[in-house]
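Open your viewer, load the model and keep the selection tool handy. We will walk from one stop to the next.

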Amino acid sequence: MSYLAYRALLAHPWKRLWRRGPGRARFLAAYAPEGLVPTRVEDRRIAEAASACVACGLCESCCPLAVAAPAVRALGLPAVFRLYSRTAELAGLARGALDACGSCTRCDAICPTGVPIAAIVAHLSAGRAVERGAGG
Amino acid sequence: MAGPVLETDVLVIGGGMAGAMAALSARASNARVALVRRSPGATAVSSGVLSVGDDPRALPGDFFASRCSPGDAARWVAAADPDHPYARVGEGLGEIEQAIAFAAHELSALIAPPEDRNRWIMTPYGSAIPCALCQRSMAAGDLVEVEGLVAVVGFRGHLGFDARLVAQGIDRLEGLGAPRAEAVELALFMGQGESIAQPFALAQALEAPGAAEAAGELLGKVLPAGAAVALFPPVLGLGPQDGGPWKSVPERIAAAAGIAVAETASDVPSVPGLRLQRAIDARLAASGVELLQGEVAPGPGGPGAPLEVAGRSVVAASWILATGRYLPGGIRRRGVLQETIFDLPVEVGGWPRRTSTPMSTGSLARRPAASLTDRDERALQPLFRAGVRVDAQLRPLDVDGRPVHPRLHACGAVLGGHEPAADGTGMGVAILTGRLAGRAAAGKL
Amino acid sequence: MSMTGAPAAYDVVILGGGVNGAGTARDCAMRGLRVLLLERSDFASGASGANSGMIHGGIRYMLSDRHVTELACRDSGYIQRIAPHLLFRIPFLMPFASAHQEASLVERATWYAMEVYVGTYDLYQPLKRGKPSTRLTAEELYDLEPGLRPGLAGAVTFDEWGIDSHRLCVSNALAAARHGAELRTWTEAVELVREGEKVVGVRFRDRLTGERGEARAPVVFNATGAWSPALARKSGAVVPMRPGKGVHLTLDRRWSNYGVACIAVDGRQMFLMPHENESIIGTTDDDFYGDPDDLEATADEVEYLLEGVESFVPGVRQARITRSWCGLRTTLFTYGMNEDALSREHLIIDHGARGASDHRARGAAGGPGGPDKRGDPSKVAEGLDGLLSIVGGKLASYRAQAEEATDRILAKLGRSAVACRTHLEPLPGGDALPDAAALAEQYGVAAPVAARVIYRHGSLAHEVLRLCQDDPRLGLVICRDEGILAAEVVHCVRHEKVRRLQDLRRRCRLALGSCGGLDCARIAAQLAGRELGWSGEQVRAELSDLLSQGWRERRPILDGHQLANEELLRGVHRGLGGL
């Protein structure tokens, strides 16, 4: 207990004196390089919409890319808003599949639970574009 | 179509099997019908067969002991379970045979003609399920009819179907009178380090010119002696887009291989399920039903009042609710069970009747979900039998047990008292209640 | 294994395939002992598979015993070294909430104290490559986490490491096997074999085949967790345990990259934190008197957790909960204390000891409550020389606990001391961390899938993906939530002691995603059936069993789209498959 008193009255204020930068900056400097970035309200909204998927597979039946584009074919369209969207890091790795989507929205029309698939793909793709632009 | 206002006699909300049967029945009674749908539901992911019920006296899977007709099976269910829609419709159950015949007739391009007994169709799990109606692509695989060996065919690159598992499943039933079975493999659709492995992609690949024929030729070379039918995974094409005449994939394979061809019923993703939905869509379009694509917002006025949907204003004397259950969202649970369009009282079927004080219809809907389920997943689960309560004319009832509106009807999975996906009566309920609701709505003119 | 008076076949029989049993098996095997490990179900079936999945540094012990914190952080660093692929960083936000409009002086002092406390923890963070803590103003806090409820006054942050505890456990077991240990899962110890006052072995029964056998060893190490009191009681020994039930909920995706520390309705600390590619809400702590094989989350527990998190994260009820899972903490018994206040220290009990010698764990110099209130459990048992039991402990300290246990076992065997190397030698797959994009390129799989394989298997991802090269069909991705390849299922079945389909839940997260097995269960059962020679009947039976496990986890949380998913799942498996 006395040790903590020492820390509270002497060591910690001393440490604070020498600290550089506001808390947020130091926090992001520590964690953002590892991909641990804040989640924006937009991202969360999209994530909630993607959570409506019940793995019925209907979206794949009408996606022209499901057969045509290798990146999509390998995993299937549902992966885009399931595997890829679960974390920002995985979305970053989704090369080809996200960009290939032409927003025909046939998948939206056929989804029984109303997952806005085309919007999700566009959102994830735009996020990647931002990362790429920033040299990520 | 001129003008935004659509005046019609019957408005059906929901375009799955139940809504379609309601619309087509009303058309057959010469009513003007409009049908509004938002997206496919349970029908589009169904197994591809239509089950009405099975003989309760037979052991599960014991198809040769199962003697009664689908209609009788439904009557057994009604006798045993007064909450079940088969029982709720009272004398309407007498129309079950006509309902089955009606559905088969309306969808005759896809559905094989009904028999007076259940057909038994294999599944990818190696189990056999009874059904009153199956697709033409499956009929040759009816275990009761096969004489000879069943050659279960797998595509080498399609890990999703294990021909040996299915063949073993048939063999297990040999003691009950099933045919013998053997598994064979076709090395097709295997490209450079990559094979076509997903059901819809396979179905599309088989539809391509020459593909089915190539499959048939290859099959002819590997067929075991005595094979009477080749049983494929449920990927044999998606059918014509426009409902017109076309030679189906099974027919093309059969012609090239010189043997009858069938596919199994399907789990998810379901090619036969989507095929069924497309056949329904095509039939509705061809039968003079006004089809509207759009979503009905919660809290619409009701029969007789204008309904804004799909850019139109629809006025219909009778309405039929066929919005399905949890999958398409006709019934939803967000902390409390609700019917999503009219907020009709939701009953939780199968609740024990031991209490002398009747539970008010609303209170169970608020209970925690887990309390409406049983620990044993094979036991009856009231939560999965939740839905709207109706009278014998299929009119939804309010908390006092009176019809909410004299010209509002409901049919299909939105009704409580049965578990459409899992109790073997889902399609039967859709067909029967759809037909009854359609005729009732049309009859009210 | 013989029923006659043949020489002992093993040096030690370890009962229990949790992290203590597996970790001790590894250490013993590495130090040259002949080891048999018996696990009645599958590795990590108990607390080792139902914990919060963190190897934290014991920040709560800093007040009472800094030495414990230092050791825990150091050991956390060791685990990083031997299994870097299993770990992922979790930054935590500890928000400051005021009860009034303006924070009172007492509250401000408390917040400063929290800042100092966490700042002191910074001294130990380098031991486990943790980052220094920060203090955030309210504005900064909301910028970093907009989902928090309004009215918070700032926060303090620090980080911990998360881990897949199933994989940690299995890796230890497989490492033990590599060093010569024999592993038997789905095999339960029926009774101890005694000669006079000495324990000389164990009789066991394979629960899947019914085969019975006997193993002779001078030392039996009881690491059966929540099952150990009952097991010990059968032989007249006492393992003093107060099992504490803990419930967690899983969200279908990462809600945030940062953990949020919340306060529940009864003042307990709770959290909503990211865990691999999901988020977890936890946890409860309640005395449990029932059957450890029969754990299920109650509606009350689920509501308690959601209410607690909702008080800091109002939007949590919009998220989709996919599972609820429970475990029992093997807490050391003390009468008269609240569950939260119980010590988390471990104790290795020598059931042959008579008298007053205190076999308390190194470094556990009195937890909260002091030594008097504990009593001395090691005084109780007699006539069971050769039986050692372990109670209590933390996941994070498993390696140190195993080291101590192995030292004791060696001493019991009268062997000279051998240096422990478990902190130096990497676990299988832990020797190198491949790059996901490079691996994806090399083997022609999608990069996110490669990332998942690397997370679970580390450098052994090469072996998994090589299966895709040998047989391109195995490149099929059977689960689009978890990124499970058919090749991974085959690899786990062939090399990771899989005997039942449900084991794959713990090896490669089969059917744990939001689909609940719709995508993957049947195909995995088919693949496993081919490898293990199952009949069609067995394939269906195993599928049915897998679904029962899933039902138990999903039943307490059915709502919204999860309910729709369950409807489809039931239709497919019950309506179609007849399972």
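Start by selecting B:E97, which is partly exposed because its relative accessible area is 36% (buried means under 20% relative accessible area, exposed over 50%, partly exposed in between, with a 1.4 Å probe and protein chains only). A word on what you are looking at: this is a predicted model, where local features need pLDDT of at least 70, side-chain atom pairs count only at pLDDT 80 or more, and totals for chains, interfaces and linings use all residues. Residues are numbered from 1 along each chain as its sequence is written, chains are lettered from A and ligands numbered from 1 in the order in which they are written, and side-chain values use heavy atoms, leaving out hydrogens and water.

**Salt bridges**

B:R75 lies in helix α2 (residues 70-80) of chain B and B:E97 in helix α4 (residues 96-106) of chain B, so the pair ties together parts 22 residues apart in sequence. Helices (H or I, at least four residues) and strands (E, at least two) are DSSP runs, numbered from the N terminus. B:R75 is partly exposed, at 31% relative accessible area.

Next, select C:R570 and B:E419, another salt bridge, with 2.7 Å between the closest N and O atoms. C:R570 sits in helix α16 (residues 560-576) of chain C and B:E419 in the loop between β16 (408-410) and α11 (426-443) of chain B, so this pair joins two chains. Both C:R570 and B:E419 are buried.

Move on to C:E482 and C:R452, which meet in a salt bridge of 3.5 Å, N to O. C:E482 is in the loop between β19 (477-479) and β20 of chain C, and C:R452 is in helix α10 of chain C, 30 residues apart.

**Helix α11 of chain C**

Select residues 461-470 of chain C, helix α11, where C:A461, C:V464, C:L465, C:L467 and C:C468 are buried. They cover an arc of only 135° around the axis, which puts them on the same side of α11(C); the arc is that of the directions from the helix axis to the C-beta atoms. Their cover includes α9 (436-443), α10 (447-457), β20 (484-485) and α12 (486-495) of chain C.

**Where chain A meets chain C**

Show chains A and C. Which residues are in contact here, and how many from each chain? Chain A brings 53 residues and chain C brings 62, with contact meaning heavy atoms within 4.5 Å. Between them they bury about 4800 Å², 55% of it on carbon and sulfur atoms; buried area is the accessible area (1.4 Å probe) that two parts lose on being put together, summed over both. There are four salt bridges between chain A and chain C. Zoom in on C:R480 and A:E60, a salt bridge whose closest N and O atoms are 3.6 Å apart.

**Last stop: C:T157**

Finish at C:T157 in strand β5 (residues 152-163) of chain C. At 0% relative accessibility, C:T157 is buried. Leaving aside neighbours within four places in sequence, its contacts include A:F27, C:F92 and C:L136.

Terms used: A salt bridge is a side-chain nitrogen of Lys or Arg within 4 Å of a carboxyl oxygen of Asp or Glu.
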